[in-house]
Amino acid sequence: MDTENTSAPPRAQSAPADNPTRTRRHGGGITHDNTRHTTRFVVIGNHLVQHKELSLLAIGLSCHLQSLPTGAGADIKSLAARFPEGPTRIAAALRELEAHGYLRRERHRTETGRIVTRTVSCNQPHAGRRREPVETGCPPAKRTPPPQRRTVQKSLPAVPQPSSTAPALLQTAIDLLATLRRHDPRLLLSATETAHLVPGVAAWLERDVAPGAVRHALTTGLPDEPLRRPAALLAHRLTDRLPPPPPFRTQSAVVPPPRHPLRNCEGCDRGFRAPALESHCRDCRAASHP
């Protein structure tokens with residue numbers, strides 16, 4: 001009868017429950033054949049790759065996200081197109097990483113008003129708190145500045161309106177406004193501002209004010225500081241300095257000569273116009289009275 005080998009254990013000993021990866025020192029387990037990386041590598045902490053609560057898919061997905069360059073696609077659709085696990089499993093893995101602080105998904109409003117989601121992968125868990133990483137290689141999330149409020153531009157002051165809208169008058173007003181910037185570069189007007197000011201300039205021109213005088217009234221005595229709204233200043237001057245209408249010119253009363261009826265001369269039978277008392281034309285009268 002064979003004797004029992006007392007040196008052999010009765011059964012294989014299991015690894016301790018707190019570290020299932022540790023094996024007995026009997027020559028089994030994993031060994032490493034490492035080569036030092038000098039390019040194209042990423043540093044992954046053991047706290048991630050040996051995480052006790054994360055799934056293997058979540059750990060591998062986090063390693064992949066940390067290796068991506070900034071700006072690469074990290075949404076579920078892009079990851080599902082890259083890996084065979086499918087959108088459902090990838091979405092679950094992303095939620096694991098987010099719950100343990102390895103991932104943040106932030107919503108930002110772009111300049112056009114569109115809401116976008118930005119994925120932030122960190123190589124140190126933040127335990128649900130946002131703090132600046134200290135030399136972890138995870139840059140702080142770039143916060144999109146809030147959209148600036150649009151300042152409602154006040155409408156330009158009203159300008160005098162001319163009584164005539166003759167094309168030549170309006171064209172002269174347009175040309176005058178377009179040349180104001182030659183006298184002061186600050187008086188550069190947009191097409192909309194010019195269209196608003198044209199009637200005011202035309203009202204001056206139809207009051208017998210020469211274009212040079214209008215230009216002088218608009219460009220002299222301007223303040224030295226930058227003009228915030230040059231068109232508003234010009235509109236105020238066109239209204240505030242509007243000259244009075246020209247004096248009324250009465251036309252001289254010229255009585256037209258009377259138009260006598262046509263009659264025949266009794267001397268030469270030639271037709272002529274003369275008062276009823278005249279019976280002979282001018283030539284016959286001159287011949288009878290030399």
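The buried residues of α5 pack against α6 (180-183), α7 and α8, where contact denotes heavy atoms within 4.5 Å and buried denotes under 20% relative accessible area, exposed over 50% and partly exposed in between (1.4 Å probe, protein chains only). The model is predicted, so that local features need pLDDT of at least 70 and side-chain atom pairs count only at pLDDT 80 or more, while totals for chains, interfaces and linings use all residues. Residues are numbered from 1 along each chain as its sequence is written, and side-chain values use heavy atoms, with hydrogens and water left out.

The protein has 10 helices and 4 strands; helices (H or I, at least four residues) and strands (E, at least two) are DSSP runs, numbered from the N terminus. Along the sequence, these elements follow the pattern α-α-α-α-β-β-α-α-α-α-α-β-β-α. Of the 290 residues, 25% count as buried. Among contacts between residues at least 6 apart in sequence, 52% join residues at least 24 apart.

Helix α5 has 12 residues and reaches 16 Å from its first C-alpha to its last, close to the 16 Å expected at 1.5 Å a residue, the expected span being 1.5 Å times one less than the number of residues. Its buried residues are Leu169, Ala173, Leu176 and Leu177. Viewed down the axis of α5, these buried residues fall within an arc of 95°, and they therefore line one face of the helix; the arc is that of the directions from the helix axis to the C-beta atoms. An α-helix has 3.6 residues a turn, so residues three or four places apart point the same way. Pro167 and Ala168, on the other side of α5, are exposed.

The largest nonpolar core has 26 residues, and those with the most contacts inside it are Leu197, Val201 and Val214. Such a core is a set of buried Ala, Val, Leu, Ile, Met, Phe, Trp, Tyr and Cys residues joined through side-chain atoms within 4.5 Å. Two or more residues are given to this core by each of α5 (167-178), α7, α8 (211-219) and α9 (230-240). Helix α7 gives the most, with 6 residues. Apart from this core lies another, of 14 residues, among them Ala58, Ile59, Ala93 and Leu97. Leaving aside neighbours within four places in sequence, Val214 is in contact with Leu176, Val201, Trp204, Leu205 and Val209. Thr194 is found in helix α7 (residues 191-205) and counts as buried at 15% relative accessibility. With residues up to four places away in sequence not counted, Thr194 touches Leu177 and Leu189.

Helix α2 also has 12 residues, and reaches 17 Å from its first C-alpha to its last, close to the 16 Å expected at 1.5 Å a residue. Ala58, Ile59, Leu61, Ser62, His64, Leu65 and Gln66 are the buried residues of α2. The elements that cover them include α1 (46-49), α3 (76-82), α4 (87-99), β1 and β2. Ser62, which lies in α2 (residues 56-67), is buried, with a relative accessible area of 1%. Beyond its neighbours within four places in sequence, Ser62 is in contact with Leu48, Leu97 and Tyr102.

Strands β1 (residues 103-109) and β2 (residues 115-121) run antiparallel and are joined by 7 bridges; strands pair if DSSP finds at least two bridges between them. Arg109 stands opposite Ile115 in β2. In this hairpin, which has 5 residues between the strands, Gly113 takes a positive phi near 95°.

The structure holds 0 disulfides, a disulfide being a pair of cysteine sulfur atoms within 2.5 Å. Cys268 is in no disulfide, and the nearest cysteine sulfur, that of Cys281, is 3.7 Å away. The C-alpha atoms of Cys268 and Cys281, 13 residues apart along the chain, are separated by 8.1 Å. Cys268 lies in the loop between β3 (262-264) and β4 (271-273) and is partly exposed, with a relative accessible area of 39%. Neighbours within four places in sequence aside, Cys268 is in contact with Cys281 and Cys284. Cys122, at 2% relative accessibility, counts as buried.
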